[in-house]
Amino acid sequence: MKQLSYLFLLSILFSCGTKQKEETPVDYYASLPESFSATLKAHGGLDQWRSFKTLEYDLLHDGDSTPTEHYTLDLLNRKDLTVADSFKIGFDGKEVWVAPNKGAFSGRSARFYHNLYSYFLTIPFIVADPGAFYSDDTLTVDGKLYDVINVAFEAGTGDADKDAYKLLIDPSTKQMEKLLYTVTYYSGEAHENYNALSYEDWIEVSGVRMPTKLVGYKYSNGATGDKRYEVSFVNIQLKEDSPNQDMFNMPAEAEIDSLVKN
């Protein structure tokens with residue numbers, strides 16, 4: 001009888017200990033610099049961001065009066081699907097495919113394009129992923145002094161691990177206003193030729209601050225130059241459920257757009 005009581009107590013203690021362990025909150029900021037953590041919190045917080053599994057939006061390119069592309073992203077496995085009138089681009093976790101064929105997409109590279117705007121849209125959260133390194137700085141751009149969070153990546157992170165980012169943070173609000181970035185996808189070589197991206201018309205989406213307009217500019221020596229492009233995001237949705245995984249599967253008629261080899 002005593003042995004049974006002892007085993008019963010052990011089972012209760014084990015159960016309570018397991019439950020307590022499972023309920024321990026995750027410290028998403030433990031490995032991040034304090035400055036970056038402050039910016040993430042100013043944009044809604046990593047705990048809020050990581051409660052969602054799906055991002056959807058419609059995209060308008062500069063000059064369009066109605067959306068031309070619908071985008072779905074699985075925030076956990078990063079599979080995605082872009083649906084336009086004349087083409088579809090999907091990423092199934094390994095390959096980027098274009099339907100009905102690669103010729104249907106008029107851009108230079110579907111693999112480069114498939115997650116381009118969603119990546120920009122979800123900064124600063126997306127660069128809190130493993131594989132990124134951070135450092136602090138300050139920089140004056142267009143006459144305004146910004147706090148800067150420099151972001152670089154360890155080898156093997158994504159398709160362009162030599163890309164570099166400078167998040168320009170308003171010192172008083174801790175919110176990001178601009179992004180300086182390099183593009184190394186095609187060359188494979190690191191460089192200091194930055195482009196500028198202005199984040200505008202912010203809204204709150206399910207507790208997360210997100211821009212509804214990005215304006216790209218040329219950049220040189222602390223000043224933005226000629227406008228390069230503009231895109232707007234409408235019908236932005238963050239969902240707690242994962243998307244149907246079948247939508248990312250490559251159709252029989254689709255063609256693969258391979259990774260650029262340098």
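Which residues is serine 198 in contact with, leaving aside its neighbours within four places in sequence?

**Entry 1: the model.** I noted that this is a predicted model, in which local features need pLDDT of at least 70, side-chain atom pairs count only at pLDDT 80 or more, and totals for chains, interfaces and linings use all residues. Residues are numbered from 1 along each chain as its sequence is written, and side-chain values use heavy atoms, with hydrogens and water left out.

**Entry 2: serine 198.** I looked up the contacts of serine 198 and found Glu177, Lys178, Lys213, Leu214, Val215 and Tyr217, neighbours within four places in sequence being left aside. Contact means heavy atoms within 4.5 Å. Serine 198 belongs to strand E10, residues 195–205. Helices (H or I, at least four residues) and strands (E, at least two) are DSSP runs, numbered from the N terminus. Buried means under 20% relative accessible area, exposed over 50%, and partly exposed in between (1.4 Å probe, protein chains only). I also found a polar contact of 2.9 Å between the side chains of serine 198 and glutamate 200. A polar contact is a pair of N or O atoms within 3.5 Å; within protein, one must be able to donate a hydrogen and the other to accept it, and residues adjacent in sequence count only if both atoms are side-chain atoms.

**Entry 3: tyrosine 71.** Tyrosine 71 counts as buried because its relative accessibility is 4%. Its side chain makes a polar contact of 3.2 Å with that of aspartate 80, and another of 3.2 Å with that of serine 118. Not counting residues up to four places away in sequence, tyrosine 71 touches several others, including Leu55, Tyr57, Leu81 and His114. I recorded a C-alpha separation of 9.6 Å between tyrosine 71 and tyrosine 117, which lie 46 residues apart along the chain.

**Entry 4: strand E2 and its partners.** I saw that five of the six residues of E2 are buried. Strand E1 (residues 54–61) runs antiparallel to E2 and is joined to it by six bridges; two strands pair if DSSP finds at least two bridges between them. Leucine 55 has leucine 73 in E2 as its bridge partner. E2 also pairs with strand E3 (residues 80–84), in the antiparallel sense, over five bridges. Histidine 70 is placed opposite valine 83 in E3. E2 and E3 form a hairpin with five residues between them, and arginine 78 in the turn has a positive phi of about 65°.

**Entry 5: helix H2.** Which residues are buried in helix H2 (residues 34–42)? I found Phe36, Ser37, Thr39 and Leu40. They lie on the same side of H2 because they cover an arc of only 160° around the axis, the arc being that of the directions from the helix axis to the C-beta atoms. The face turned away from this buried side carries the exposed residues Glu34 and Lys41. The buried residues of H2 pack against helix H3 (46–49) and strands E6 (132–141), E7 (144–153) and E8 (165–169). Glycine 44 follows H2 and has a positive phi, near 125°.

**Entry 6: the whole protein.** I counted five helices and 13 strands in the protein. Of its 262 residues, 42% are buried.
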